[in-house]
Amino acid sequence: METFEPTIVGFFCNWCTYTAADLAGTSRLSYPPNIKIIRMMCTGMVDPKYIIKALLEGADGVLISGCHPGDCHYINGNYKARRRVKLLKTILDQFGFEEERVRLTWIGASDGIQLSETINQVVEQVKALGPVETKTGMVI
Amino acid sequence: MSTFFKLEVKDTDLLSCIQSFLQSLLSSGKMDALLVPGHLPMNNNVMPTLISDPEHLNHADPLAPSFPVNAAKIASRLTRQPSGQTIGLVLRPCEIRAFVELIKLKQGTLDDIVLISLDCLGAYTNKDYAAFSKDDPIGATKAFVEHVLDQKQSEKDLMAPACRVCEYPVSGQADIRIGLYGMEWKNQIAVETGTTKGEDVLEALSLEKITEPSARKQVVEKLISERISLRDKMFEETSQATSSIEKLSSYLSRCVNCYNCRVACPVCYCRECVFVTDVFDHDPYQYLKWARHKGEIKMPTDTIFFHLTRMAHIGLTCVGCGQCSNACPNDIPLMELFRTTAHNVQKAFEYEPGRQVEEPIPLSVFEVEEYEDVVGIARHSG
């Protein structure tokens with residue numbers, strides 16, 4: 001049997017985590033190709049709709065990552081993101097999405113190593129869960 | 001400390017008693033108009049009416065088990081800009097709670113408003129009310145009042161599901177409360193001041209002051225605890241019925257994306273909903289691409305997406321009025337679904353919608369240190 005390779009959608013903030021991804025690249029660190037990174041200007045602009053849509057369209061996991069608290073380029077976007085993720089996780093839990101499928105992390109611009117490790121762990125965790133239900137069944 | 005005033009009920013005619021009280025309010029000069037549900041002259045159907053002539057209050061009927069719209073939206077429409085006049089709004093507790101949420105969202109104001117609330121006796125769905133009141137609307141209201149206040153058992157209880165599980169039969173925010181539960185309603189009822197604004201209005205009416213009817217507190221508490229146990233049972237059943245995307249799809253499978261639930265929802269306040277914008281106006285090739293990719297797609301698309309997004313938008317502010325269910329052309333039990341989700345998210349943020357105008361909606365504020373449980377990739381659940 002073919003091993004399951006999950007698809008993870010990453011919403012990375014331009015100023016911190018996306019820059020960390022750049023740094024990981026220039027430092028020749030590797031991370032699994034399972035993650036499809038979307039560059040956002042801030043985690044504060046990650047609309048819960050984007051996460052819902054990704055999961056309904058068959059993303060096995062979503063990783064939202066931005067600046068550490070206090071470091072937000074727009075002062076407080078990451079604090080707002082944290083509340084939205086809290087809200088969305090509560091909703092998704094009711095419909096059987098495991099908590100590992102939506103992750104929020106803070107990874108600073110200089111944390112290329114941490115970024116690589118985080119993505120590896122997220123992929124491993126989601127791999128262990130198996131495919132998201134929306135991939136195997138019909139979503140109306 | 002609230003003050004109670006006596007309203008005498010003559011010939012067990014509760015409706016006339018309330019009508020004449022409303023007339024005295026409107027004639028007192030303390031307000032220029034009253035928004036109150038009333039029988040329309042052409043066919044006796046009940047709708048919210050804005051009345052400036054006290055004479056017209058003779059067909060007001062805030063007791064009828066009719067709840068065609070959540071009037072919080074109308075209250076918002078009447079207070080979006082200053083009118084320079086004072087309006088008395090006769091609203092159900094859930095309408096007041098939704099209006100409080102709309103005020104927090106800058107969609108209305110309490111300036112120049114007097115909130116008047118009756119103890120809510122509940123309501124039927126639009127279809128059930130139409131059948132129930134067909135021949136004799138006033139008699140129907142009378143029968144309904146007796147049914148609820150005297151706990152008379154009728155052959156079939158038509159009470160709407162949302163009202164059966166509503167734990168807010170008495171408004172906590174009204175300026176003036178007209179009490180019905182725990183009163184000798186065939187002889188007299190009590191009207192109560194909720195705020196200094198309400199006190200100012202009632203003091204001017206030269207009504208007889210009385211003490212709080214002794215049975216009231218207990219009757220209301222008992223009613224609330226019965227409703228809460230029914231509500232929790234409903235949460236449990238709904239959670240079971242929607243615990244996976246497959247089950248949720250099955251629950252919503254009759255949805256035709258008409259978005260009536262969103263239109264009827266008092267706290268869905270966006271002027272233009274994203275689901276009716278170009279964002280969802282896909283090109284034909286897009287649908288065909290999806291169909292080819294998945295083998296089969298249901299049309300119209302994005303049904304679950306719509307409902308999940310609505311939950312994210314209104315989960316915190318949902319007051320459980322049940323207008324979503326009332327508006328659904330295919331009788332999907334939406335109130336049950338949305339209230340269950342709303343209960344979960346409101347619990348997560350320790351928030352109760354409609355409790356206080358000063359209490360901010362959780363997504364409009366933040367703390368520097370909070371909710372660390374959603375950050376990081378460690379496993380939290382056991």
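Author: A residue is buried if 20 or more other C-beta atoms, placed from the backbone, lie within 10 Å of its own. This model is predicted, so local features need pLDDT of at least 70 and side-chain atom pairs 80 or more, while totals for chains, interfaces and linings use all residues. Residues are numbered from 1 along each chain as its sequence is written, with chains lettered from A and ligands numbered from 1 in written order.

Reader: What makes strand β7 of chain B largely enclosed?

Author: Strand β7(B) covers residues 188-193. Five of its six residues are buried, so the rest of the structure largely encloses it. A strand here is a DSSP run of E, at least two residues, and a helix one of H or I, at least four, numbered from the N terminus.

Reader: Why are β3 and β8 of chain B called edges?

Author: The open sheet has eight strands, ordered β3-β2-β4-β5-β6-β7-β1-β8 in chain B. β3(B) and β8(B) each have a single partner strand, so one side of each lacks a neighbour in the sheet.

Reader: How many residues does each chain bring to the contact?

Author: Contact means C-beta atoms, placed from the backbone, within 7 Å. Chain B brings 36 residues and chain A 38. On the chain B side, α12(B) gives the largest share, seven residues.

Terms used
Contact = placed C-beta atoms within 7 Å. Buried ≥ 20, exposed ≤ 12 C-beta atoms within 10 Å, placed from the backbone. Pairing = 2+ DSSP bridges.
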